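Here is a quick tour for anyone opening this structure for the first time. Have a look at it, then read on.

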Amino acid sequence: RVPFVAPSYRVDSVNVATDGEQQLDAQQAASRSFLGIIFVVLLFITIVIYGMWVATGVASEKSSRVMELMISAASPRQMLTGKVVGIGAAGLTQYIAIAAPALILIMFQDRIAEAILGPDWASGAPLVGLTPALLVGYGVFFMMGFTLFALIYAAMGSFVSRPDDLQTLSLPLSLVAMAGYLTAIVALGGGAESRWVTIASFLPPFSPFVMLARIMVTRVEPWQVALSIALMLVAIAAVAVAATRMYAAGVLLYGTRPGLRAFVAAARKA
């Protein structure tokens with residue numbers, strides 16, 4: 001009678017985080033995933049909050065009739081660019097003032113804990129895996145995503161007669177940003193290699209969220225990152241042209257209820 005022998009087997013993970021050709025350990029993978037969530041959440045909050053700042057600034061100038069004086073002294077393109085850059089820079093300055101100290105604290109948390117509390121307190125699990133290349137990637141996708149949405153918010157603000165009416169038009173745009181945010185969360189949770197997530201990482205306006213999440217937790221080919229950036233630049237250029245035309249028609253449009261049909265009609269007449 002042959003005794004029962006337990007079979008031997010080996011477990012190989014088919015979905016692991018990598019950096020180049022090197023597989024990341026469990027601590028590095030967890031840190032990358034955690035930092036990816038922070039980056040994606042910051043991107044989403046910044047787009048929604050500071051994008052609304054841009055739209056509110058345009059709507060406030062229009063409701064106070066200041067826009068009628070400004071439009072006679074500058075072209076719609078100059079006004080739109082100035083609004084996006086000016087209000088966007090003010091919001092980003094506030095963002096940097098908050099995010100930069102937090103990032104420094106994350107990067108040097110062990111040294112800070114050891115200097116303040118002593119060596120016995122610096123024994124926690126630090127966040128590792130944050131590289132300069134990831135920070136550059138975050139900055140690139142952050143700026144492109146903010147620019148794309150800020151242009152749309154500025155065009156949206158030019159179509160309302162009162163700032164209170166912005167809530168009507170901001171909901172669809174917020175849902176688009178939410179879709180990109182949720183897709184990025186799926187990528188960070190282990191779905192970075194799925195086909196639909198990969199496709200979403202190339203499609204503006206979802207790519208700033210999804211491609212950022214992919215490069216945080218898995219290996220992404222350089223040509224894929226370059227293609228995503230190129231498509232975003234093309235989308236920004238196309239949206240800038242359309243937003244300028246809508247802005248030129250919308251700033252002098254009073255008394256009409258904002259809607260998709262008004263957007264399309266104004267763009268054709270501009």
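## The one salt bridge

Let's start with charged pairs: the count comes to one salt bridge, meaning a side-chain nitrogen of Lys or Arg within 4 Å of a carboxyl oxygen of Asp or Glu. The partners are Arg219 and Glu221, and their closest N and O atoms sit 2.5 Å apart. Glu221 has 29% relative accessibility, so it counts as partly exposed; Arg219, at 31%, is partly exposed too. (Buried means under 20% relative accessible area, exposed over 50%, and partly exposed in between, with a 1.4 Å probe and protein chains only.)

Keep in mind that this is a predicted model, where local features need pLDDT of at least 70 and side-chain atom pairs count only at pLDDT 80 or more, while totals for chains, interfaces and linings use all residues. Residues are numbered from 1 along each chain as its sequence is written, and side-chain values use heavy atoms, with hydrogens and water left out.

## Two stops on helix α1

Helix α1 covers residues 26–63, and Ser33 is found there. (Helices are DSSP runs of H or I with at least four residues, strands are runs of E with at least two, and both are numbered from the N terminus.) A polar atom of the Ser33 side chain lies 3.5 Å from the backbone oxygen of Leu188. Setting aside neighbours within four places in sequence, Ser33 is in contact (heavy atoms within 4.5 Å) with Leu188 and Val217.

Val58 is also in α1, and with 0% relative accessibility it counts as buried. Val58 and Tyr153 are 95 residues apart in sequence, yet their C-alpha atoms are 9.2 Å apart in space.

## A buried helix

## The largest pocket

A pocket here is an open set of points on a 1 Å grid over the protein atoms alone, with protein on both sides within 12 Å along at least five of seven lines; lining residues have an atom within 4 Å of a point. The largest pocket is lined by 23 residues, with Leu42, Tyr95, Ala99, Ala100 and Tyr138 nearest its centre.

Which helix gives the most to this lining? That's α3, with 10 residues. Helices α1, α3 (76–107) and α5 (132–157) each supply at least two.

Technical notes:
A polar contact is a pair of N or O atoms within 3.5 Å; within protein, one must be able to donate a hydrogen and the other to accept it, and residues adjacent in sequence count only if both atoms are side-chain atoms. On a 1 Å grid over the protein atoms alone, a cavity is a set of points where a 1.4 Å probe fits but cannot get out, and a pocket is an open set with protein on both sides within 12 Å along at least five of seven lines; lining residues have an atom within 4 Å of a point.
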